[in-house]
Amino acid sequence: MPGKPRATRPQPRIAAADAAEIAQLMQALASPVRVQILGELQHGPSSVGELAELLDLSQPALSNQLRLLRNLRLVATERHGRHVHYSLHDEHVAELLTQSLRHQRHD
């Protein structure tokens, strides 16, 4: 006697691998300093020295934060002679910041 067809288990709407990467991104954004860095870069490219002065951070501390943001593809780099300028990786990062700020300010 054939049994009932086994119900297929629904797949999660967000795959485990995607969820892990999104969680890593959210962890990066859990740092107020990193959010401030991204906020400054939203207004245009800057060098480490410019960002360090603006955010009152040491260049080594800032470089560590920028390395993490670069590894997560939140910022991009462009070399200008001996200087490296950082910018947002793409418009999606800017939109993520804009939406986060709107959410935070919403009553």
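Modeller: A pocket is defined on a 1 Å grid over the protein atoms alone, as an open set of points with protein on both sides within 12 Å along at least five of seven lines, and its lining residues have an atom within 4 Å of a point. The model is predicted, so that local features need pLDDT of at least 70 and side-chain atom pairs count only at pLDDT 80 or more, while totals for chains, interfaces and linings use all residues. Residues are numbered from 1 along each chain as its sequence is written, and side-chain values use heavy atoms, with hydrogens and water left out.

Biologist: Which residues of the lining lie nearest the centre of the largest pocket?

Modeller: Of its 13 lining residues, Glu-21, Leu-25, Leu-72, Arg-73 and Leu-74 lie nearest the centre. The space in the largest pocket is about 350 Å³. Helix H1 (16–28) and helix H5 (91–105) each supply at least two lining residues, and H1 has the largest share, with five.

Biologist: What makes up the lining of the second largest pocket, by class?

Modeller: Ala, Val, Leu, Ile, Met, Phe, Trp, Tyr, Cys and Pro count as nonpolar, Asp, Glu, Lys and Arg as charged, and the others, Gly among them, as polar. On that basis, the lining of the second largest pocket has six nonpolar, five polar and no charged residues. Its lining includes Met-26, Gly-39 and Gln-104. H5 gives the most to this lining, with six residues.

Biologist: Why is Leu-57 called partly exposed?

Modeller: Buried means under 20% relative accessible area and exposed over 50%, with partly exposed in between (1.4 Å probe, protein chains only). Leu-57 has a relative accessible area of 26%, and is therefore partly exposed. Leu-57 is found in the loop between helix H3 (48–55) and helix H4 (59–71). Leaving aside neighbours within four places in sequence, Leu-57 is in contact with Val-33, Ala-52 and Leu-62, where contact means heavy atoms within 4.5 Å.

Biologist: At what angle do H2 and H4 pack, and why is H2 called roughly perpendicular to H4?

Modeller: H2 and H4 pack at an angle of about 75 degrees, with their axes 10 Å apart. Because of that angle, H2 is roughly perpendicular to H4, a term that covers 65 to 115 degrees. Val-33, Arg-34, Ile-37 and Leu-38 of H2 make the contact with Leu-62, Gln-65, Leu-66, Leu-68 and Leu-69 of H4. By class, the residues of this contact are seven nonpolar, one polar and one charged.

Methods:
On a 1 Å grid over the protein atoms alone, a cavity is a set of points where a 1.4 Å probe fits but cannot get out, and a pocket is an open set with protein on both sides within 12 Å along at least five of seven lines; lining residues have an atom within 4 Å of a point. Grid points are joined across faces, edges and corners, and a volume is the space filled by probe spheres set on the points. Helices (H or I, at least four residues) and strands (E, at least two) are DSSP runs, numbered from the N terminus. Axes are lines fitted to C-alpha atoms, for helices over the stretch in contact, and angles run from 0 to 180 degrees between N-to-C directions. Angles under 35 degrees count as roughly parallel, over 145 as roughly antiparallel, 65 to 115 as roughly perpendicular and the rest as oblique.
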